[in-house]
Amino acid sequence: MHIGDGLLSWTWPIYYIITIIALYFALKWARENLDEKHIPLLAVMAAGIFAIQAMNIPIPWGTSGHMMGAALVAIVFGSPWAAVIVLSMVLLVQSFFGDGGITALGANIFNMGIIAGFTGYGLFEALKKPIGRFPAIFVAAWASIFVAALAVAIELAIAGTFPLDLGLFYMGLYHAVIGLAEGAITVVAILAIQNVRPDLLPWGKGGS
Amino acid sequence: MEVGINMGIMESIKIAEQETTKESFLHSLDGRIKLISLILIIIYAVYTTDILILVIAELYLLALIFISNISFSFALKRILLLLPFGGFIAIFQPFIRPGDVIYVFPILGLDITYQGLMFGILLMSRLVVSLTAIVLLSSVTSLTDIIGSMRKLGMPREFAMMLSLMIRYLFMFYDELEKIRNAQKSRNFDIWNKKTAYQWRLKQIAYTIAMMFLRSYERGETIYYSMLSRGYSDHSNIYNQNQKLRSGDFIFIGFTISFILTLELISYTPLI
């Protein structure tokens, strides 16, 4: 889902502006809501997510993919801004090694940090009461991938590098399948965290 | 998630970081200068629509790779490995872009258009130039230096601090992941083995990821306490070596900017 340099034509500065504004609010959130303990914590989490993203996972159809982790971070930290911060760091370092472009970094953070983080967190919050906590995590993690993929298709179409109908169809179809794996992995991972360190989860605070 | 060669990204970071310990003119330059110069080249490559200009820029970057003592074959291999990320979209251009049809595949009924072909080549050239610039940058500038330079160029304090902490633990977590995977391998677990149920394999991966998440969280807590005991507070700042720019730095950035301006002038000259 990492967009490379040149594929956004002239539109890349727009996403930089959106991303810089979002990062301003994310840092403001971090200053107001987190104690200084969380700065090392978010940093080390970013290193952990980087390693998690480096792990190839088999996907049906004989291809492979890797975790994105935006929904995981947003749900465990109880805020989409945490996902924005962690994913920005991961994507920034990846861009210095050619995984996603330098000019496309704004768009990549916009898709995988902001859109995926807010979709994941928002759906989880909206659905946890009606359908239960863990089904909500599954849907949220799946949607975080799916919606981010649609955003990529729309951005490429705006830039004029890939037609909208084909892009929405293929990006959507492919990531709808991949999202199932992200959803399942996120659910099992959060279940495992709940068993071992329930105090880390927003709903388990003070419970351990 | 996506199709990835990402197991390769950690390896390529490792080798690139080793390359940064070599010595050459480019290695000795200030990090800020290299960062700005190569980002300017990338921005220009994304902006220009002239393939000839991109060819000249690519030759210039290859020459820089050549004089900076870094392994040529490794640099080329990294560029080739990274191409599929965006190259995929470039390759499709001749088939999806409307224009004058220059060739029709007899069996598939696919049209290749002239405009599409040219646009595909343009996208591919932009991608190659950008990747060459980034491979060069990461081979002559260490990650610590890149982050330090970005801090000096005005990145917010907290963000720079988190990044510099993050890159310190990057390799550690990669090793942790490898340890978990080796332990799984020693028990004959193979995530690519189709004889075991897909669901079960996915569950094992999820446990690995939960383990990584917990290890990084707990490591983060430990690191915080050890930092606290050494005087860390929310007003702490990362240490930044105050490096003065030298004449070589000014020459390099001056040369880069005049190089880009010359390219822009060439693109307006009707001769070529």
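Glu176(B) is buried in this predicted model, with a relative accessible area of 8%. Its salt-bridge partner is Arg215(B), at 3.3 Å from N to O. Arg215(B) is partly exposed, with a relative accessible area of 29%. Arg215(B) lies in helix H10 of chain B and Glu176(B) in helix H9 (residues 157-186), so the pair ties together parts that are 39 residues apart in sequence.

A further salt bridge links Arg197(A) and Glu221(B), again with an N to O distance of 3.3 Å. Arg197(A) lies in the segment after helix H7 (164-196) of chain A, and Glu221(B) in helix H10 (residues 198-229) of chain B, so this pair joins two chains. Both Arg197(A) and Glu221(B) are buried. Salt bridges with shared partners connect Arg197(A), Asp199(A), Glu218(B) and Glu221(B) in one network.

Within chain A, Lys128(A) and Glu125(A) form a salt bridge, their closest N and O atoms being 3.2 Å apart. Both lie in helix H5 (residues 105-131), 3 residues apart, about one turn of the helix. Lys128(A) is partly exposed at 28% relative accessible area, and Glu125(A) is partly exposed at 33%. Over all chains, the count is 10 salt bridges.

Chain A contains 7 helices and 2 strands. From the N terminus, the order is α-α-β-β-α-α-α-α-α. The radius of gyration of chain A is 17 Å, which agrees with the value near 17 Å for a compact globule of 208 residues. The C-alpha trace spans about 50 × 40 × 30 Å along its principal axes. Of the 208 residues, 66% count as buried. The accessible surface of chain A is about 6,500 Å², with 70% belonging to carbon and sulfur atoms.

Methods. Residues are numbered from 1 along each chain as its sequence is written. Chains are lettered from A and ligands numbered from 1 in the order in which they are written. This is a predicted model: local features need pLDDT of at least 70, side-chain atom pairs count only at pLDDT 80 or more; totals for chains, interfaces and linings use all residues. Side-chain values use heavy atoms; hydrogens and water are left out. Helices (H or I, at least four residues) and strands (E, at least two) are DSSP runs, numbered from the N terminus. The radius of gyration is taken over C-alpha atoms; the globule rule is 2.2 Å times the number of residues to the power 0.38. Buried means under 20% relative accessible area, exposed over 50%, partly exposed in between (1.4 Å probe, protein chains only). Accessible areas come from the Shrake-Rupley method with a 1.4 Å probe; for residues, only the protein chains shown count as cover. A salt bridge is a side-chain nitrogen of Lys or Arg within 4 Å of a carboxyl oxygen of Asp or Glu.
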